[in-house]
Amino acid sequence: MTSTPTTCSRCGSAASGNFCAACGAPLGSPACSACGTTLSPNAGFCHKCGAPAGSAGRADRGASWPGGGARGGLAGRDRAPWLIAAVLVAIVIVGVVLAATRRGAPVVPTMANAGNAVQGVADDPSTAAAGRAPDISNLTPKEQYVRLVARISQAMDKGDTATVITFTPMALGAYANLPPADRDIDARFHAAILQAEVGMFDNARALADTIMQLAPDNLFGYYIRATVAGFAGDSATAKTARAGFRGQYDAEIKKQRPEYTEHQALLQQYRQGDGAH
């Protein structure tokens with residue numbers, strides 16, 4: 001199905017799909033029915049008030065996560081554990097809803113409990129305990145985005161499927177709200193990996209393109225292209241991207257770009273592993 005071309009409201013470039021390939025801005029983003037905040041196209045929840053965003057779908061695909069090496073995403077190498085976990089999460093949510101109904105006070109996840117895993121639990125006074133995630137509702141958009149990305153990364157390391165499923169749309173919504181000055185290469189890289197995790201391959205590729213426009217031959221542009229192509233089954237494109245990464249590695253590392261310093265271990269690991277083939 002071909003997307004209808006449109007004009008990006010942020011930079012004026014011709015664009016199609018969910019994100020502008022020139023600046024990364026969301027196209028045709030829906031608004032939260034509860035508070036009116038602009039949402040990312042595939043958001044399941046409002047990143048500001050936590051209200052359900054409607055019938056936004058999530059694809060089951062996989063990717064590699066920065067700092068954690070290669071691993072399966074929501075569909076990964078073996079979908080069975082994720083599907084079982086999703087069923088268990090649904091059971092837990094139903095139990096929480098029933099309990100909240102008996103108390104007569106429905107609860108909704110908000111930025112004040114954005115680090116907690118299961119929607120509806122964090123605002124319940126009976127669940128308030130040591131280790132509760134801090135309130136991030138008063139942070140800047142960039143601080144919110146960084147905090148959510150870190151939370152999702154930690155959840156992936158622990159195999160916490162509920163947190164990944166619940167807060168990935170919120171993190172992508174936080175990215176969509178970033179002002180242009182905060183959409184640096186590192187922010188775009190993390191957003192692309194999040195999109196790859198939930199199967200938004202076209203959006204991830206578009207962000208890789210914007211990275212290459214900002215910094216031709218940037219290693220993260222090659223990294224994202226290879227990762228998405230690998231999970232999409234496009235071995236030829238993945239091979240070409242890995243070759244580009246390998247060929248530009250030495251020259252790019254000498255530039256000492258901030259994103260390279262931040263993710264030095266990831267880049268070295270990828271060069272020695274997938275990026276070296």
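Because the model is predicted, local features need pLDDT of at least 70 and side-chain atom pairs count only at pLDDT 80 or more, while totals for chains, interfaces and linings use all residues. Residues are numbered from 1 along each chain as its sequence is written, and side-chain values use heavy atoms, with hydrogens and water left out.

Let us begin with charge. Side chains of opposite charge can pair when their charged atoms come close. A search of the whole structure finds five salt bridges, a salt bridge being a side-chain nitrogen of Lys or Arg within 4 Å of a carboxyl oxygen of Asp or Glu. One of them joins Arg-271 and Asp-250, at 3.1 Å from N to O. Arg-271 belongs to helix H9 (residues 264–272) and Asp-250 to helix H7 (residues 235–253), so this bridge ties together parts that are 21 residues apart in sequence. Helices here are DSSP runs (H or I, at least four residues), numbered from the N terminus.

How accessible are the partners? For this, buried means under 20% relative accessible area, exposed over 50%, and partly exposed in between, with a 1.4 Å probe and protein chains only. Arg-271 is partly exposed at 31%, and Asp-250 is partly exposed at 44%. Another salt bridge, between Lys-255 and Glu-252, has an N to O distance of 2.6 Å; here Glu-252 is buried, at 2% relative accessibility. Arg-257 and Glu-259 form a further one, with their closest N and O atoms 2.6 Å apart.

Now for the rings. The whole structure holds seven aromatic pairs. Rings of Phe, Tyr and Trp (its six-membered ring) pair if their centres lie within 6.5 Å; planes under 30 degrees apart count as stacked, over 60 as edge-to-face and the rest as tilted. Tyr-145 and Tyr-175 have ring centres 5.6 Å apart and planes at 50°, so their pair is tilted. Since Tyr-145 lies in helix H2 (residues 141–158) and Tyr-175 in helix H3 (residues 161–176), the pair ties together parts that are 30 residues apart in sequence. Both tyrosines, Tyr-145 and Tyr-175, are buried. Phe-245 and Tyr-270 make an edge-to-face pair, 4.8 Å centre to centre with 85° between the planes. This pair links Phe-245 in helix H7 with Tyr-270 in helix H9, 25 residues apart. Phe-245 is buried with a relative accessible area of 0%, and Tyr-270 is buried at 9%. Both Phe-245 and Tyr-270 belong to one aromatic cluster, together with Phe-189, Phe-220, Tyr-223, Tyr-249 and Tyr-260.

Finally, look along helix H9, where Leu-266, Leu-267 and Tyr-270 are buried. Seen down the axis, the buried residues of H9 fall within an arc of 95°, so they line one face of the helix; the arc is that of the directions from the helix axis to the C-beta atoms. An α-helix has 3.6 residues a turn, so residues three or four places apart point the same way. The face of H9 turned away from the buried side carries the exposed residues Ala-265 and Gln-272. What do the buried residues of H9 pack against? They pack against helix H4 (185–197), helix H6 (219–232), H7 and helix H8 (258–262), where contact means heavy atoms within 4.5 Å.

Key. Helix = DSSP H or I, 4+ residues; strand = E, 2+ residues; numbered from the N terminus.
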